[in-house]
Amino acid sequence: MNDVNAAFAAAAGLIVDADPAVLGIVMLSLQVSVCAVAIAAVIGLSLGALLAVTRFPGRGAVVVALNALMGLPPVVCGLLVYLLLSRSGPLGQWGLLFTPSAMIFAQAVLIAPILAALTRQVLESYWEEYAEQLRSFGAGPCRAVPTLLWDGRFALLTVLLAGFGRASAEVGAVMIVGGNIEGYTRVMTTAIALETSKGDLPLALALGIVLMAIVLGVNAAAHALRGNATRWAG
Amino acid sequence: MFRCLTLVMFALLSLPAFAQERSITIASTTSTEQSGLFGHLLPIFARETGIAVRVVALGTGQALNVGRRGDADLVFVHDRAAEERFVADGAGGPRLHVMFNDFVLVGPAADPAGIASMRDTNEALRRIAAARGPFVSRGDRSGTHAAELRLWQLAGVDPVAGRGAWYREVGQGMGPALNTAAAQGAYVLADRGTWLAFRNRQDLRILLEGDARLFNQYGVMLVNPRRHPHVKVADAQRFIDWIVAPAGQAAIAAYGIGGEQLFFPNATVPEPVS
């Protein structure tokens with residue numbers, strides 16, 4: 001128990017002191033995961049929405065594949081992106097390996113299927129409800145997609161939060177493609193892994209507590225935003 | 001709501017972490033990074049040259065592989081045989097001596113194999129095998145793993161026979177291996193730097209040290225720019241020149257933990273012709 005108490009004390013110390021090194025790590029974590037969610041949202045939301053309103057042969061297989069990709073292990077995703085971005089790989093000339101951009105790339109690959117699969121799930125139920133009505137206005141799938149995305153925006157906020165949670169919690173992919181370089185690609189999760197391997201378990205746990213506090217803050221902000229928006233909309 | 005989100009996004013994107021600076025990337029080992037040596041050396045080098053150094057800390061095998069793929073400008077590692085293969089393959093070089101320290105044989109205070117009073121690693125390893133350890137091996141093709149396998153070979157013991165029983169390959173870095181050994185009351189070979197910086201020792205302690213076979217040499221090599229034209233030759237060479245020159249060597253000698261010097265510069269010792 002002493003270690004856990006020490007961890008909470010250390011976490012409080014880290015927050016109160018606003019240690020610049022820790023602050024930099026926190027900001028980079030947010031930056032990487034928010035950018036990854038933004039990129040994955042563009043791909044995932046549109047793909048999921050399209051999948052919700054269209055029917056074509058093989059659609060079932062696509063849905064199953066997307067659902068399966070939700071379970072893509074971060075370390076496998078990291079390895080794939082590593083091989084792509086390595087100087088000896090197909091995208092090597094971009095020189096992105098061991099940079100924050102590579103980490104955004106990897107996290108976006110990791111969570112785009114999650115956003116697409118959950119978006120499809122959410123919007124399919126809306127589509128079942130509205131399909132008749134939208135068709136009677138003469139709206140095809142292409143017109144229906146923006147309408148559905150807008151009507152489902154509150155449910156989709158939760159989908160985005162799920163993506164953000166996955167992105168900010170994963171360590172396997174960013175460790176491989178970022179390299180955990182101090183002051184450059186070190187984020188919360190890789191810092192926690194590093195402190196664990198150095199045997200400084202209280203500090204590692206303290207960083208974990210800080211990370212959870214941040215994730216809690218982001219979720220609380222989203223919840224408040226949604227509450228306000230619903231009131232205005234109502 | 002969305003204007004607010006846009007503002008947040010803008011604030012996040014405009015952070016300086018994406019700014020470009022003059023920098024080189026070193027593929028190195030966990031021992032140099034986690035012992036705090038780089039944390040001590042790199043600010044000095046950056047002050048003198050304006051070059052930021054980004055360190056990717058991996059096991060030696062993996063670090064050499066990163067160099068082979070051209071994903072670092074230079075490698076700074078500690079497995080002589082593997083380094084010589086790296087140079088012979090044309091992946092980089094020439095290989096220069098930088099510094100040395102030593103490995104230590106760490107184990108539980110209870111010392112079930114009774115090696116604490118010994119000076120000879122051959123005899124100690126035979127005893128550990130006879131007492132069925134347990135022994136934690138890095139198992140990750142790192143420099144320390146290579147050294148450990150060499151020591152078993154010198155002792156004439158094949159630890160692989162004990163795999164899954166007393167010989168436990170964790171396939172991870174020095175820190176996780178020490179964490180495992182601490183939890184299981186096992187013996188483990190560690191580099192002295194990581195050991196000194198390691199915090200979760202529980203009842204682990206150094207049981208054997210000082211045998212000449214425990215010598216641990218570090219070397220540095222430029223990644224071959226003819227094979228990988230993007231290698232920042234001038235800045236990377238500047239680092240190599242600095243680390244083997246008196247300024248860099250003195251900076252290495254000045255670093256210690258708790259008054260104990262961790263690494264001993266020996267760049268002036270010429271590479272023996274083999």
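Visitor: What mean pLDDT does chain A have, and what share of the residues score at least 70?

Guide: Chain A averages a pLDDT of 90, and 98% of the residues score at least 70. pLDDT is the predictor's confidence in each residue, from 0 to 100. This is a predicted model, in which local features need pLDDT of at least 70, side-chain atom pairs count only at pLDDT 80 or more, and totals for chains, interfaces and linings use all residues. Residues are numbered from 1 along each chain as its sequence is written, while chains are lettered from A and ligands numbered from 1 in the order in which they are written.

Visitor: Where in chain A is confidence lowest, and where highest?

Guide: The lowest mean in chain A, 81, belongs to helix α1 (residues 2–17), and the highest, 96, to α4(A). For chain B the mean pLDDT is 90, with 91% of its residues at 70 or more. The model scores ipTM 0.82 and pTM 0.87.

Visitor: How many helices and strands does chain A have?

Guide: Chain A has 10 helices and 0 strands. These are DSSP runs numbered from the N terminus: helices are H or I with at least four residues, strands are E with at least two. Read along the sequence, the pattern of chain A is α-α-α-α-α-α-α-α-α-α. Its C-alpha trace spans about 65 × 50 × 30 Å along the principal axes.

Visitor: Why are α4(A) and α5(A) called oblique?

Guide: The axes of helix α4 (residues 74–85) and helix α5 (residues 100–136) of chain A cross at roughly 130° and come within 9 Å. The axes are lines fitted to C-alpha atoms, for helices over the stretch in contact, and angles run from 0 to 180 degrees between N-to-C directions. Angles under 35 degrees count as roughly parallel, over 145 as roughly antiparallel, 65 to 115 as roughly perpendicular, and the rest as oblique. The angle of roughly 130° belongs to the rest, so α4(A) and α5(A) are oblique to each other.

Visitor: What is the handedness of the crossing of α4(A) and α5(A)?

Guide: That crossing is right-handed. A crossing is right-handed if the near helix is turned clockwise from the far one by less than a right angle, and left-handed if anticlockwise.

Visitor: Which residues of α4(A) and α5(A) meet?

Guide: A:P74, A:C77, A:G78, A:V81 and A:L85 in α4(A) meet A:A102, A:F105, A:A106, A:V109 and A:L110 in α5(A). Two residues are in contact if their C-beta atoms, placed from the backbone, lie within 7 Å.

Visitor: How many residues of this contact of α4(A) with α5(A) are nonpolar, polar and charged?

Guide: There are 9 nonpolar, 1 polar and no charged residues. Ala, Val, Leu, Ile, Met, Phe, Trp, Tyr, Cys and Pro count as nonpolar, Asp, Glu, Lys and Arg as charged, and the others, Gly among them, as polar.

Visitor: At what angle do α2(A) and α5(A) cross?

Guide: The axes of helix α2 (residues 20–53) of chain A and α5(A) cross at roughly 35° and come within 5 Å. α2(A) passes α5(A) in a right-handed crossing. The residues of their contact divide into 26 nonpolar, 5 polar and 2 charged.

Visitor: What makes up the contact between the chains?

Guide: It takes 25 residues from chain B and 24 residues from chain A. On the side of chain B, α1 (2–13), β2 (52–58) and α8 (174–184) each supply at least two residues. α8(B) gives the most, with 4 residues. By class, this side has 12 nonpolar, 9 polar and 4 charged residues.

Visitor: Which domains does the assignment give for chain B?

Guide: It gives domain 1 (24–100 + 216–265) and domain 2 (102–214); such bounds come from an automatic or database domain assignment. Their centres, taken over C-alpha atoms, are 26 Å apart. In the contact of the two, 20 residues of domain 1 touch 18 residues of domain 2.
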